[in-house]
Number of protein chains: 2
Amino acid sequence: MKRMKAKIAYDGSGFAGYQVQPDSRTVQQELMKVLKTIHKGEIVQVVASGRTDAKVHATGQVIHFDTPLSIPDSGWLKALNVLLPEDIRVAEIHEAPEGFHARYHAAGKTYRYKWDRSQVISPFTRNYMVHIKQRPDLVKMQQAAEAFIGTHDFSSFCAVNTGVVDKVRTVRRLEFEEHGEELHMVIEGSGFLYNMVRIIAGTLMEVGLGRKNVSEVADIIAAKERGAAGKTAAAHGLYLENVEYDC
Amino acid sequence: MKRMKAKIAYDGSGFAGYQVQPDSRTVQQELMKVLKTIHKGEIVQVVASGRTDAKVHATGQVIHFDTPLSIPDSGWLKALNVLLPEDIRVAEIHEAPEGFHARYHAAGKTYRYKWDRSQVISPFTRNYMVHIKQRPDLVKMQQAAEAFIGTHDFSSFCAVNTGVVDKVRTVRRLEFEEHGEELHMVIEGSGFLYNMVRIIAGTLMEVGLGRKNVSEVADIIAAKERGAAGKTAAAHGLYLENVEYDC
């Protein structure tokens, strides 16, 4: 038995999220369907670094699965990309290091959130960026972002009723990038609570649009209460970009 | 009665082309539906610079329509973009110059054809670029492109049975652009025959992949026969980028 580690990308537009659920098209279901075909009807479990929600995209999700088959890496890459639907692509696949686990060994993740500041949003990006009509104040957003860096209890930035008890997480990097009319927020951390990136994005955009002050952000973190933060930014602006592993 | 001229963009993925046809979703149909709503049930004809096929995109299609309504340009822009589906956007709209006609007065058009040379195509570009696995020889493609410049009978580059008699057209510019792994062909001319841009793209790519020689291209043009040229490149790589008017 070999464990395979793969980096995958998917366009979240056509999926009810990553994780299998009844009567919905999901990324995990499509992966398992193809692996079942390759394994002649045997069910193969697929483990990802974590779930992503409906309409959330991935450019660097990581998965693992176990297989008794002896197929070279290039053969796996070709077979999976031929059999998978076009909105999921396998970018890389290799035999995993001994004991590797895509979820348990994830040491950090990077997400990217994309806004489009164009006057009229392009029909080509409507599922891939969130349109902001008013011009946000990027300097204020950058100042406010500093409050997130470090280790904090992120209860204010977690969807309610998640069942997660420990809400302390470490944000290592939170930066903005401008690409023409596109504005990206790039956030890297040890791990993220449910909806955490989208609530941070929504809150920082409220600062950018003058609906919240820069100085409020530290208080919002200290409140440890979801109601203190801004709205959850829309799912289709979010990308899981990278998962780090020590091994 | 005022004549309005608008520049529109659309994602061709969800359309059976520009022109109205029974039981199919088309760009013209969506435009007319919205204009009928704005005109309280009155049918408003929409005239475009020309048709585009199923899955072909536009970033700069031009249309005109007549209206008795007195709405400022900014009001038209807002109303149309609120009512239109998200895969059609109006980028600009103004009152047209006296006697303007979107089709008859089109003095030139620019099309762009996009290929993706990445090892694995991104799930985000599958409807917007055509994946080329083998590395094409761009220098050869550029050399071959020179034969198209000028005024020629383009019968070899026209889908059969179009009913068009005069197949002489002028190509003013044919250039390639590299944007990372993307390869674009930009072609500008007086007008284009049915499938002409896609057959030129397909033929030049065959040169790039070594399936045709650079020197063959002049002979293909001279043959004045569709069978002489290469395959018609796929529709979803094509963009109508600009329509020029003298007035």
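## Salt bridges between the chains

Two salt bridges link chain B and chain A. A salt bridge here is a side-chain nitrogen of Lys or Arg within 4 Å of a carboxyl oxygen of Asp or Glu. This is a predicted model, where local features need pLDDT of at least 70, side-chain atom pairs count only at pLDDT 80 or more, and totals for chains, interfaces and linings use all residues. Residues are numbered from 1 along each chain as its sequence is written, chains are lettered from A and ligands numbered from 1 in the order in which they are written, and side-chain values use heavy atoms, with hydrogens and water left out.

In one bridge, R126(B) meets D11(A) at 3.0 Å, N to O. In another, D11(B) meets R126(A), again 3.0 Å from N to O. D11(B) sits in the loop between β1 and α1 (27-38) of chain B, and R126(A) in the loop between β5 (106-116) and β6 (130-131) of chain A, so this pair joins two chains. Side chains of opposite charge can pair when their charged atoms come close. Over all chains, the count is 32 salt bridges.

## The rest of the chain contact

How many residues does each chain bring to the contact? Chain B gives 22, and chain A gives 22. Contact means heavy atoms within 4.5 Å. The area buried between chain B and chain A is about 1,500 Å², and carbon and sulfur atoms give 73% of that. Buried area is the accessible area (1.4 Å probe) that two parts lose on being put together, summed over both.

Two residue pairs are in polar contact between chain B and chain A, both residues at pLDDT 80 or more. A polar contact is a pair of N or O atoms within 3.5 Å; within protein, one must be able to donate a hydrogen and the other to accept it, and residues adjacent in sequence count only if both atoms are side-chain atoms. On the side of chain B that touches chain A, β4(B) supplies the largest share, four residues. That side divides into 13 nonpolar, four polar and five charged residues. Ala, Val, Leu, Ile, Met, Phe, Trp, Tyr, Cys and Pro count as nonpolar, Asp, Glu, Lys and Arg as charged, and the others, Gly among them, as polar.

## Two domains in chain A

Chain A splits into domain 1 (2-95) and domain 2 (107-245). These bounds come from an automatic or database domain assignment. The domain centres, taken over C-alpha atoms, are 27 Å apart. In the contact, 16 residues of domain 1 meet 15 residues of domain 2. About 1,200 Å² is buried between them, with 53% from carbon and sulfur atoms.

One salt bridge is counted between the two domains of chain A. R198(A) and D53(A) form a salt bridge at 3.4 Å, N to O. Strand β3 (residues 57-67) of chain A gives the most to the domain 1 side of the contact with domain 2, with six residues.

## Overall fold of chain A

Chain A has five helices and 10 strands. Both are DSSP runs numbered from the N terminus: helices are H or I with at least four residues, strands E with at least two. The C-alpha trace spans about 60 × 40 × 30 Å along its principal axes.
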